[in-house]
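Biologist: Can you walk me through this model? I'd like the overall numbers, then some detail.

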Amino acid sequence: MAVGDNKLLGASNTNILNLPQGALKGFGGRDNVANAIQLAQSIQPRPQGLTPAQLAFQFFTNMAAEASKPGATALGAASQAALVPAQYLMKDREAQQKYEASLPQTALNIAQLTKSPAGTGVGENYKRAEPVTNEDGSVKIDQTTGATFYNYRVEDKAGNLLRTVQMADPTTKQPAVTLYNSSGESVRVVPGTQAYSTATSDAAQGGGFFLTSKPTKFSARTVYKDGEEKKVYSEADYISSTSEEGGWSDIKPESLTSTIKTVSAGTLATYMTAEDAKAFVISQGMAKDNPKFKSFVDQLTAKRDAQVGKPIVQAGVYTEVFPLFKDGEVISLQLSPSKSAAAPYFTTYVEKRLPIIAKSADTYNTTAREVIPRVDEAMSLLLSGKVETGRLNQALLPFKQIFNQSFGINDPEVMGLETLQATSNFLAPKMRPVGSGSTSDMEFKAYQQAALYLGNTPEANYISLYAFKKMAENGVRLNQLETELLTSGEYSSMKEVNAALGTNDTGIFEKFLGDPSDEEAVLEFYNGLPDGSVIINNGIFDSNSPYIIKGWGGTN
């Protein structure tokens, strides 16, 4: 075998040179292993089998000998003659397998003998890996410093893994910031911590600290009404006077111009009930007959009950309401980014969560593009009833393959079993957890039996594939849905996002939830399912099987 040959090691089909670099270090590195493979091939050449012409010669020679015996028939002579090449092929295959099994070990033994002396491995190196995540998928943060927790590989000087630890990276810690509420009270918190989340929550929950600079104190103002004027000395008196009931305005009638003006500071925008939104818009000076009245009320009205009282966040920042004046009249209101409010904690979370989701998107896209179609193909074969799996067919498959190849026969059942075997070999590695390293023969076989195994019954294989497909589809759908929710701009808390994710159906098998004695309802439920559906038999079918497969064997 040349260095580039597909020499495999074990049932996991792993090329020796494709083992992790850490595994090859123990044998002197990749180059030393490659040289050892070439040397092993030189001293242990591959067994050479007979050519197809030589096998054919054996067959026809023996056939002629058998046919010459008294009472022999052509079919009997052919059957007896086929045994000789068939037995040779089996012995040749056994020799090839023994060669395949022994060559890697020979190469590794040579590599062990020829490797350069290794280092002592003393000392420790810390290598930072991926961020640590909490159970809800958020990135773990040090509640004192705001630093991000990471997984670290602790290796010795020779690159050997000693242990793994979780530590906060001090270079990612966040400086504390001072936040203020509308009353001028302040707190000092670190962004990303629970204290920061509490401070920027609703005032009713002990928060309300949305401002990054201390609000200016209310100064006395003059308001006007019906040609009169008066001074107001508190914010509460000003709000009461300029409300719809008060009827006062802070615009002096004599100074009215035809220019459009706005105020320098707005009111922090929050979601309200429909009635509260109408009252608020009116309090800002907009008349009910204004064409934009309803549009702005709709912007402030909560779409869900959970939104009431929550700050309105657009493009990841809090917003403020600014009245727009023309000729002393409020002609419109506008939502603009707040210049003094702190960044929402939800925004901080989303910025850290989205890269993690994007990193896993490639895996889910590959699943949707490659894995699910292969599963569908195998399920269709099993559902048709034309391919029978089981211990007997599994044991006979190698002999049928040899016989078909020897005599040029195309057996559809053998082709079907070979297709299922190829799908099983394809699916087994997909079930291995990401980053778990090489798979042993025992683990590989366990993965096969969990998804598709020729030794299992056709029904058991179909149900396993059905569950595998459903779980894969659920994973793809949840990954896509979480991305859509976090980027929609319609949510401002993970509580709402998790509630929306929870409405997604993650069930695997179909189940009738009505009255089992209502035959009409059961029949309607059954007829409404597509062929191939797996139904939990909770007493609605006259069968001992816990599962019913609709359309099994090509019949309903």
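**Contacts, sheet and a helix pair**

Modeller: Among contacts in the chain (heavy atoms within 4.5 Å) between residues at least 6 apart in sequence, 59% join residues at least 24 apart. This is a predicted model: local features need pLDDT of at least 70, side-chain atom pairs count only at pLDDT 80 or more, and totals for chains, interfaces and linings use all residues. Residues are numbered from 1 along each chain as its sequence is written, and side-chain values use heavy atoms, with hydrogens and water left out.

Biologist: What share of the residues is buried?

Modeller: Of the 556 residues, 35% count as buried, meaning under 20% relative accessible area with a 1.4 Å probe, protein chains only.

Biologist: How many helices and strands?

Modeller: The chain has 15 helices and 16 strands; these are DSSP runs, helices being H or I of at least four residues and strands E of at least two, numbered from the N terminus.

Biologist: Which strands make up the open sheet of three?

Modeller: The order is S3-S4-S5, with antiparallel pairing, where a pair needs at least two DSSP bridges. S3 (125-131) and S5 (161-168) are the edge strands. Seven bridges join S4 (residues 149-155) to S5.

Biologist: What stands opposite Arg153?

Modeller: Thr164 in S5.

Biologist: New topic. At what angle do H13 and H14 pack?

Modeller: H13 (residues 458-487) and H14 (residues 494-502) pack at about 145 degrees, axes 10 Å apart. Axes are lines fitted to C-alpha atoms over the stretch in contact, and angles run from 0 to 180 degrees between N-to-C directions.

Biologist: Which residues of H13 meet H14?

Modeller: Leu478, Leu481, Glu482, Leu485 and Leu486 in H13 meet residues of H14 including Met494 and Val497.

How values were computed. Buried < 20%, exposed > 50% of the residue type's maximum accessible area, 1.4 Å probe, protein only.
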